[in-house]
Amino acid sequence: MRYTLRALSVLIAYPSEDLQAHSGAVREALHGEAELPPEALARRDPLFEAFASQDVFDLQAHYCELFDSSRALSLHLFEHVHGDGRQRGQAMIDLGQAYLARGFMMREAELPDYLPMFLEFLSILPNDEAEEWLAQPAHVLEALEQRLTERETYYAGVLHNLLHLAKRRPTTGQVRDLPDYRDPATPAEIDRAWEDAPIDFSAPLGDASQPSALMTRLRAAQRDARDQAKGG
């Protein structure tokens, strides 16, 4: 499912003129590899229709309104499990180390937990390993799909496709335990909401070369969230 993962990676990334111009080829790659059934492929038709009919600036504005203005829709996976917690920095270091262990070099100035980059990494793995890795943050993907569906945006179809590839649906409790972000209403609130705690890159690296290590991080974050909720 290498080409399917790469196609979904570019579709959930910031829309560009180049992507708009080649959206037909992306669509053909998804159909050609046939990793998704016709009903799942149809869930992304509204996105391809938007690429075909809308101006690129309108596409970019819609993207920013969704993913750049709302923590609830952040495409950084650890935002949803660690929030501003101290474990977030170490989790990203571990994930970056897992990339290096598999020979994947990050070419963008992005954090390792950025969903489009995570999908690109998975595309270099054998299918069974890619499925196992993708299943670990399935509860985050489920929450994103629900929130995008509520906003009636065509990007919900991309998350639906990812959950299908993961071949695992999270439990209701896993989704419920994620931080319940309330979107800020003013520019000042948005700025405060996106202030990140400093990351300590001098911390020792853990062994995150296996999906189980990533899952340990995700589960630990869920426990912290539950403990904080009980304490509050």
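1. The buried residues of α11 pack against α1 (2-11), α4 (38-42), α5 (45-53), α8 (115-122), α9 (127-135) and α10. Here buried means under 20% relative accessible area, with exposed over 50% and partly exposed in between (1.4 Å probe, protein chains only). Helices (H or I, at least four residues) and strands (E, at least two) are DSSP runs, numbered from the N terminus. Contact, throughout this note, means heavy atoms within 4.5 Å.

2. A word on the ground rules. This is a predicted model, in which local features need pLDDT of at least 70 and side-chain atom pairs count only at pLDDT 80 or more, while totals for chains, interfaces and linings use all residues. Residues are numbered from 1 along each chain as its sequence is written, and side-chain values use heavy atoms, with hydrogens and water left out.

3. Now the overall picture. The protein has 14 helices and 0 strands. Of its 232 residues, 49% count as buried. Among contacts between residues at least 6 apart in sequence, 72% join residues at least 24 apart.

4. Back to α11, which deserves a careful look. In this helix, 10 of the 11 residues are buried, so α11 is largely enclosed by the rest of the structure. The buried set consists of Ala156, Gly157, Val158, Leu159, His160, Asn161, Leu162, Leu163, Leu165 and Ala166. Just after the helix, Lys167 takes a positive phi of about 55°.

5. Do take a look at Asn161, which is found in α11. With 0% relative accessibility, Asn161 counts as buried. Leaving aside neighbours within four places in sequence, Asn161 is in contact with Leu8, Leu36, Ala40, Arg43 and Arg44.

6. On to the nonpolar core. The term stands for a set of buried Ala, Val, Leu, Ile, Met, Phe, Trp, Tyr and Cys residues joined through side-chain atoms within 4.5 Å. The largest such core holds 58 residues, of which Leu115 and Leu122 touch the most other members. Helix α11 (residues 156-166) gives the largest share of this core, 7 residues. Not counting residues up to four places away in sequence, Leu122 touches Leu5, Ala130, Trp133 and Leu134.

7. The pairing of α10 with α11 is next. The axes of α10 (residues 138-150) and α11 come within 8 Å and cross at roughly 155°. Axes are lines fitted to C-alpha atoms, for helices over the stretch in contact, and angles run from 0 to 180 degrees between N-to-C directions. The two helices are therefore roughly antiparallel to each other; angles under 35 degrees count as roughly parallel, over 145 as roughly antiparallel, 65 to 115 as roughly perpendicular and the rest as oblique. The crossing of α10 past α11 is left-handed, a term used if the near helix is turned anticlockwise from the far one by less than a right angle, and right-handed if clockwise.

8. For those who would like to inspect that contact, Ala138, Leu141, Glu142, Leu144, Glu145, Leu148 and Thr149 in α10 meet Ala156, Leu159, His160, Leu162 and Leu163 in α11. By class, the residues of this contact divide into 8 nonpolar, 2 polar and 2 charged. In this scheme Ala, Val, Leu, Ile, Met, Phe, Trp, Tyr, Cys and Pro count as nonpolar, Asp, Glu, Lys and Arg as charged, and the others, Gly among them, as polar.

9. A second pairing involves α3 and α5. The axes of α3 (residues 23-33) and α5 come within 10 Å and cross at roughly 160°. That makes α3 roughly antiparallel to α5, and their crossing is left-handed. Ser23, Val26, Arg27 and Leu30 of α3 make the contact with Asp45, Phe48 and Phe51 of α5. The contact has 4 nonpolar, 1 polar and 2 charged residues.

10. Arg27, in α3, is partly exposed, with a relative accessible area of 31%. Not counting residues up to four places away in sequence, Arg27 touches Asp45 and Phe48. The C-alpha atoms of Arg27 and Phe48 are separated by 7.7 Å, with the two residues 21 apart along the chain.

11. Phe51, in α5, is buried, with a relative accessible area of 2%. Leaving aside neighbours within four places in sequence, Phe51 is in contact with Leu11, Pro15, Leu19, Gln20, Ser23 and Leu59. Phe51 and Gln20 lie 31 residues apart in sequence and 5.6 Å apart in space, C-alpha to C-alpha.
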